[in-house]
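Morning, everyone. I have one structure to walk through today. Let me put it up.

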Amino acid sequence: MILLGLDPGLQTTGWGVIEAHGNRLRHIANGSVRSKPSDPLAQRLAQLYDALEAVIAAHRPDAAAVEETFVNANPQSTLKLGQARGAVLLCAARCGLPVAEYAPSYVKKAVVGTGGADKAQIHAMVKRLLPGAVVTGPDAADALAVAVTHAHILNTSRALEKTKL
């Protein structure tokens with residue numbers, strides 16, 4: 001199964017594509033899409049949408065997973081992040097992908113083992129879990145961590161379904 005992980009942001013949205021077969025994970029690609037800060041908000045959201053649509057067309061994932069918005073001290077920043085997240089969710093849904101959502105602390109705990117992990121720890125664990133992956137930056141590392149989390153959840157769900165039979 002090909003999975004797309006997304007770490008939404010208005011300026012930079014990270015993405016990561018992995019292949020999952022049971023417990024085995026393989027890195028396919030990662031990167032980030034950027035919007036132009038000097039453009040109006042609606043145009044920036046369209047830039048994110050268009051760039052993610054191209055990523056989905058290129059890699060043809062079976063499902064997507066998106067990191068949920070965390071609330072920070074600046075309400076204006078939180079609102080803009082929420083709008084970027086909305087564009088990301090809409091793009092994945094319009095491309096026909098089932099979309100899962102995970103809290104940042106849940107992703108950190110699933111990948112690193114603690115919900116308070118920092119970016120460097122996430123990056124290091126992603127590289128360990130996806131040998132040979134050249135991670136293009138912290139946003140891409142976070143997106144790959146979201147994809148890995150989703151792969152683990154799907155695998156666990158399948159295993160539980162088998163035990164019910």
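Start with the contacts. Take those in the protein chain with a separation of 6 or more: 60% of them join residues 24 or more positions apart. Keep in mind that this is a predicted model.

Now the overall build. The protein chain holds 5 helices and 5 strands. Along the sequence, the pattern reads β-β-β-α-β-α-β-α-α-α. The radius of gyration is 15 Å, close to the 15 Å that the globule rule gives for 165 residues, so the chain is as compact as a globular protein of that length. The C-alpha trace spans about 50 × 35 × 30 Å along its principal axes. And 44% of the 165 residues count as buried.

Next, the sheet. What is the strand order? It is β3-β2-β1-β4-β5, an open sheet of 5 strands with mixed pairing. At the edges sit β3, residues 24-34, and β5, each of which pairs on one side only. From one strand to the next, the twist averages 20 degrees. Helix α5, residues 138-164, packs on this sheet. The helix touches β1, β2, β3, β4 and β5. Its direction makes about 35 degrees with that of β2, residues 12-21.

Let's zoom in on β4, residues 63-67. Take the β1 side first. Strand β1, residues 2-7, runs parallel to β4, and 4 bridges join the two. Leucine 4 has alanine 64 as its bridge partner in β4. Leucine 6 stands opposite valine 66.

Over to the other side. Here 4 bridges join β4 to β5, residues 99-102, and again the strands run parallel. Glutamate 67 has tyrosine 102 as its bridge partner in β5.

How covered is β4? Mostly: 5 of its 5 residues are buried. In a regular strand, side chains alternate between the two faces of the sheet. Here Ala63, Ala65 and Glu67 point one way. Ala64 and Val66 point the other way. Both sets are buried, Glu67 included.

Last stop, a helix pair. Helix α1 covers residues 41-59 and helix α2 covers residues 75-94. Their axes come within 9 Å and cross at roughly 35 degrees. The crossing is right-handed. Who meets whom? From α1 we have Leu41, Leu45, Leu48, Tyr49, Leu52, Glu53 and Ile56. From α2 come Gln83, Ala84, Ala87, Val88, Leu90, Cys91, Ala92 and Arg94. By class, that contact divides into 12 nonpolar, 1 polar and 2 charged residues.

That's the tour. Happy to take questions.

Definitions and conventions. Residues numbered from 1 in each chain as written. Predicted model: local features only at pLDDT ≥ 70, side-chain atom pairs only at ≥ 80, totals over all residues. Heavy atoms only, no water. Buried < 20%, exposed > 50% of the residue type's maximum accessible area, 1.4 Å probe, protein only. Pairing = 2+ DSSP bridges. Axes fitted to C-alpha atoms, helices over the stretch in contact; angles between N-to-C directions. Left-handed = near helix turned anticlockwise from the far one by under 90°. Contact = heavy atoms within 4.5 Å. Nonpolar A, V, L, I, M, F, W, Y, C, P; charged D, E, K, R; others polar. Rg over C-alpha atoms; globule rule 2.2 N^0.38 Å.
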